[in-house]
Amino acid sequence: MISPLRLFRQQRRRKLLEHRLISESTWFSALGGLPIFRFLNADERERLRQLATLFVHEKIFEPAGGMVLDDRVRVRIAALACLPILNLDFDWYRGWQTVVVYPGGFIRPRSEFDDIGVMHEWEDVLTGESWERGPVILSWADVQGSGHCEGYNVVIHEMAHKLDMLNGTADGFPNLHPGMSRRAWTEVFTAAFEDFNARVDREEDTPIDPYAAEEPGEFFAVLSEYFFELPDLVRAEYPAVYGLLAQFYRQDPAARLDSSSTADPFHGGKGRPTQESPQVRHHPVREAPADNISGDDHGRFENDQR
Ligand SMILES: [Zn+2]
């Protein structure tokens with residue numbers, strides 16, 4: 001039986017979508033130029049617009065550092081944020097409310113004691129950050145650099161952390177759907193992570209951002225970015241990881257590219273991003289989820305909490 005609270009939430013969302021759906025003009029102007037949305041079919045685009053409407057209304061957007069927030073900014077962030085949950089449910093983003101937006105990279109003071117007890121202090125300039133049960137923080141400049149099918153997507157990266165942190169720390173082990181094997185997830189991701197770390201250690205010029213080698217939570221978040229931005233690349237590099245991400249997100253973006261025959265609604269043309277096309281590789285200083293900043297005892301694609 002459905003709980004009264006859930007029923008109330010469903011009714012409220014239904015009303016919101018009936019009366020306050022993001023207008024067509026705002027939707028098109030916010031998304032118009034982004035290749036990542038080109039291959040969605042009409043149903044998917046409409047569902048994304050509904051999810052983005054819920055995101056805009058249920059999350060609190062806070063400007064910081066002189067950022068000016070308008071509908072175009074909110075809707076662009078919401079659309080990118082909702083792509084990972086296109087075939088899930090908006091409740092996957094429960095438990096947190098706030099999206100803080102800076103105009104560009106934001107500074108985080110850091111400190112660490114070294115082996116002989118001397119404290120070192122420095123500042124990192126971050127592009128995004130996710131706090132467990134807390135806000136998501138984004139650099140608008142990097143949001144604008146996301147969604148170009150180049151492998152970089154700060155919004156999807158942070159949302160992947162949010163999905164991962166629904167069952168605790170960002171350990172690369174989100175809640176899996178019924179029927180998915182926890183063991184397969186742990187084994188496949190651990191093998192891929194170890195392989196990727198070995199490649200980074202021998203200074204291979206990996207097509208995937210070496211930041212993925214930082215820790216399991218980052219591997220999951222970075223591979224999620226590539227899964228949506230350059231799905232062919234993930235499928236070629238780590239096919240078993242691709243398969244599990246497709247099961248988790250309930251999407252198959254590579255197949256979407258393969259089968260896409262509809263005209264691009266934004267550009268009147270079609271075409272798939274290929275690895276031959278010029279790619280601008282972004283190498284921003286990335287973040288670390290707040291609870292993962294120090295220590296190295298993070299889970300490795302496994303979770304005992306459920
Ligand atoms: Zn991260």
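Welcome to a predicted model, in which local features need pLDDT of at least 70 and side-chain atom pairs count only at pLDDT 80 or more, while totals for chains, interfaces and linings use all residues. Residues are numbered from 1 along each chain as its sequence is written.

**The protein as a whole**

- Of the 306 residues in the protein, 37% are buried (a residue is buried if 20 or more other C-beta atoms lie within 10 Å of its own, exposed if 12 or fewer, and partly exposed in between, with C-beta atoms placed from the backbone).
- Take the contacts between residues at least 6 apart in sequence: 70% of them join residues at least 24 apart (two residues are in contact if their C-beta atoms, placed from the backbone, lie within 7 Å).

**Helix α3**

- Helix α3 covers residues 42–58, which makes 17 residues.
- From first C-alpha to last, α3 reaches 24 Å, close to the 24 Å expected at 1.5 Å a residue (the expected span is 1.5 Å times one less than the number of residues).
- The buried residues of α3 are L48, R49, L51, A52, T53, F55 and V56.
- Those buried residues pack against three helices: α1 (4–20), α2 (24–31) and α4 (71–82).

**The four-stranded sheet**

- Four strands form an open sheet in the order β1-β2-β6-β5, and their pairing is mixed (two strands pair if DSSP finds at least two bridges between them).
- At the edges sit β1 (60–63) and β5 (128–130), each of which pairs on one side only.
- Neighbouring strands in this sheet are turned by 20 degrees against each other on average, direction ignored.
- Strands β1 and β2 run parallel and are joined by four bridges, with E62 standing opposite V100 in β2.
- Between β1 and β2 the chain crosses through α4, and this β-α-β crossover is left-handed (it would be right-handed if, with the strands pointing away from the viewer, the path from the first strand over the helix to the second ran clockwise).
- Strand β2 (residues 98–102) also runs parallel to β6 (residues 136–139), again with four bridges.

**A closer look at I60**

- I60 lies in strand β1 and is exposed, because it has 11 other C-beta atoms within 10 Å.
- Leaving aside residues up to four places away in sequence, I60 touches Q97 and T98.
- I60 and T98 are 38 residues apart along the chain, and their C-alpha atoms are separated by 4.7 Å.

- Strands β3 (residues 106–113) and β4 (residues 119–126) pair in the antiparallel sense over eight bridges.
- One of the pairs joins R110 to W122, its bridge partner in β4.
- Five residues lie between the strands of this hairpin, where G117 takes a positive phi near 85 degrees.

**Helices α8 and α10**

- Helix α8 (residues 216–229) packs against helix α10 (residues 239–249) at an angle of about 80 degrees, with the axes 11 Å apart (axes are lines fitted to C-alpha atoms, for helices over the stretch in contact, and angles run from 0 to 180 degrees between N-to-C directions).
- The two helices, α8 and α10, are therefore roughly perpendicular to each other (65 to 115 degrees counts as roughly perpendicular, under 35 as roughly parallel, over 145 as roughly antiparallel and the rest as oblique).
- Their contact is made by L223, S224 and F227 of α8 with V241, Y242 and L245 of α10.
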